Amino acid sequence: MIGKTVCTILLALGSVCYAQVPHRSEGNSSSRLFGGYSLAFRDYAHNQDNDFTGVMNGWEIAYSHRVLPWISVAVDGSGFYRSDPGVIHPHTYFFMAGPEIAQRFGRHRLFVHGLIGGAHMNGGYSETFPLQSDFTLAEAIGGGIDTSIVPRIAWRVSGDFLHTNFTPGDGETNQLHDLVSSNGRISTGIVLRF
């Protein structure tokens, strides 16, 4: 619920900011704001005691600003959720930034990026499944394609390899729980260009 509220607020703010920017041709667009649906391939509750696996649904918000003809600085935030009854269901959030390299081909813009930042996990963990650290370094390597719909709006499809280092509780618990550290995500949604 919190993730949907955050996503709605960020998209509304982005729309307001977009409306204030003078319109220019796509060739001069130096900033992009993306918002959409995201899916993580593996559940962050998976471990040796809980062999239930599945996907986690969520959202992604990203902003990039071009600093050189092919190079932009990108900032990315995403959240993933699971809420199956009787299953540990953590909420996992990522906040990352890094360089993005892009090239246009007609209506399409292909890009790759390398992002680094942090990830936070909460919800669903207790004394029976403790976390030594709920905040960890996170990295993402991936890319995608933006396809123009109208002059200022495009549709994005992207994919990333995510890596985290969440640490389970200490002592013997370390031997019992092997949290997901490598994951993948795919995202799709609207890009506003200004």
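Q: What should I know about the numbering and the model before I start?
A: Residues are counted from 1 along each chain as its sequence is written, and side-chain values use heavy atoms, leaving out hydrogens and water. Because the model is predicted, local features need pLDDT of at least 70 and side-chain atom pairs count only at pLDDT 80 or more, while totals for chains, interfaces and linings use all residues.

Q: In what order do the strands close into a barrel?
A: Strands (E, at least two residues) and helices (H or I, at least four) are DSSP runs, numbered from the N terminus. Two strands pair if DSSP finds at least two bridges between them. Here 8 strands close into a barrel in the order E1-E2-E3-E4-E5-E7-E8-E10, with antiparallel pairing.

Q: How many bridges join E3 to strand E4?
A: E3 and E4 (residues 91–105) run antiparallel and are joined by 10 bridges.

Q: Is tryptophan 70 buried or exposed?
A: Buried means under 20% relative accessible area, exposed over 50%, and partly exposed in between (1.4 Å probe, protein chains only). Tryptophan 70 has 54%, so tryptophan 70 is exposed. Look for it in the loop between strand E2 (56–68) and strand E3 (71–81).

Q: Which residues is tryptophan 70 in contact with, leaving aside its neighbours within four places in sequence?
A: Contact means heavy atoms within 4.5 Å. For tryptophan 70, the residues are Glu100, Ile101, Ala102 and Gln103.
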